[in-house]
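Dear colleague,

Please find below the sequence and structure for your review. My notes on selected residues and on one pair of helices follow.

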Amino acid sequence: MKQKQQKNQSRIEDKHVLIVTSVEAEKEAVKRGLQNTGKFTVITGGVGPMAAAASTATAIAAHPYDYVVVMGIAGGFKGRAPVRSIVVATELIASDMGAETEDTFLSLDDLGLGTSSIEADRAISEDLALCFNHRQVPVYRGAVLTSATVTGTKQKEEVLRRRYPNAAAEAMEGFGAATAAAQRGIPILEIRSISNEVGPRNREAWDIKGALSSLETAGAVLKEAFLK
C-alpha cells in the first residue's frame with residue numbers, strides 16, 4: 001500500500017497542470033474540488049476564445065506546465081449531454097471560424113488556412129471518463145464547440161448538429177486555450193458541466209447552481225485521474 005501511495009505521489013509531483021476557467025465562480029468551484037492539491041494552478045482567463053488564448057499563452061510562458069485543462073459550465077446538445085452532466089472533450093472545435101457561402105460553411109481546413117479542430121489528450125480523457133463512471137457521475141465524451149457567439153435559436157442549433165454530428169457541448173473558450181497550448185506542444189483537455197440546453201435562450205431553465213456543483217465534482221475527479 002505504501003509503495004502504491006509513493007507511486008501516486010511521484011506522478012502528481014511530476015506534473016504541473018494549468019486549469020483555465022472563464023469566470024471567478026467557475027474557478028472557485030474547481031478549486032473546491034481540488035482541495036488545494038499542489039501542482040494545479042487555476043486561473044480566471046476571461047470570457048471568449050481570444051481572452052482564453054491570451055491568458056493561457058501568458059501563463060504557459062511564465063511556467064513550464066505539462067497539461068492545460070479548460071474547465072467551466074456549458075450548453076449541452078439535447079439527447080447528447082443533459083443538464084448537470086459532465087462532458088469530457090474528444091476534440092475542441094472552433095465552430096464559427098471559417099467562411100460562409102450561399103449554400104455551405106467552409107472551415108479553416110476546407111479553406112486550406114489551418115485547422116479548426118484540436119484533439120484532446122486521449123489517454124487522460126479516457127482516464128477521466130472512467131473516474132467519472134466509478135463515481136457514478138453522468139459523463140459523455142464528444143466534441144466541445146467553441147463559439148464566439150453562443151447559440152440562442154433553434155435554427156442555429158440544428159445547423160450545428162448537422163455540421164458537427166459528434167458535438168456534445170458548446171462553450172466559448174476551449175479552442176482559444178487549445179491554440180496557445182498547441183503552439184507550445186502542451187496536451188490539452190476540456191471538461192464541461194452542463195447548465196443548459198443548446199438552443200433558444202431561456203435563462204429560467206438554466207441550472208447554474210447545479211452545474212457549478214458538478215464542476216466542483218469534476219475538480220475532484222481531475223485530481224483523482226492525475227493521482228492514479
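Which residues does M71 touch, not counting residues up to four places away in sequence? They are I19, V20, T21, E26, V30, I191, R192, L215, A218, G219 and L222, where contact means heavy atoms within 4.5 Å.

Before the remaining findings, please note that this is a predicted model, in which local features need pLDDT of at least 70 and side-chain atom pairs count only at pLDDT 80 or more, while totals for chains, interfaces and linings use all residues. Residues are numbered from 1 along each chain as its sequence is written, and side-chain values use heavy atoms, with hydrogens and water left out.

M71 is found in strand β3; strands (E, at least two residues) and helices (H or I, at least four) are DSSP runs numbered from the N terminus. M71 counts as buried because its relative accessibility is 1% (buried is under 20% relative accessible area, exposed over 50%, partly exposed in between, with a 1.4 Å probe and protein chains only). The C-alpha atoms of M71 and V88 are separated by 9.7 Å, the two residues being 17 apart along the chain.

E173 lies in the loop between β9 (167-171) and α7 (174-183) and is likewise buried, at 5% relative accessibility. Its side chain reaches the backbone nitrogen of G48 at 2.9 Å. Beyond four places in sequence, E173 touches several residues, among them S22, G46, V70, T146 and R192.

Helix α2 (residues 24-34) and helix α8 (residues 208-227) have axes that come within 7 Å and cross at roughly 45°; axes are lines fitted to C-alpha atoms over the stretch in contact, and angles run from 0 to 180 degrees between N-to-C directions. That angle makes α2 oblique to α8 (under 35 degrees is roughly parallel, over 145 roughly antiparallel, 65 to 115 roughly perpendicular, and the rest oblique). The residues making this contact include A25, E26 and V30 of α2, and L212, L215 and G219 of α8.

Two residues deserve a check of their backbone angles. Most residues other than glycine have a negative phi. R84, however, has a positive phi of about 80° although it is not a glycine. R84 sits in the loop between β3 (67-76) and β4 (86-94) and is partly exposed at 41% relative accessibility. Q136, also not a glycine, has a positive phi near 60°. Q136 is in the loop between α5 (122-134) and β8 (139-146) and is exposed, with a relative accessible area of 74%.

With kind regards

Methods:
A polar contact is a pair of N or O atoms within 3.5 Å; within protein, one must be able to donate a hydrogen and the other to accept it, and residues adjacent in sequence count only if both atoms are side-chain atoms.
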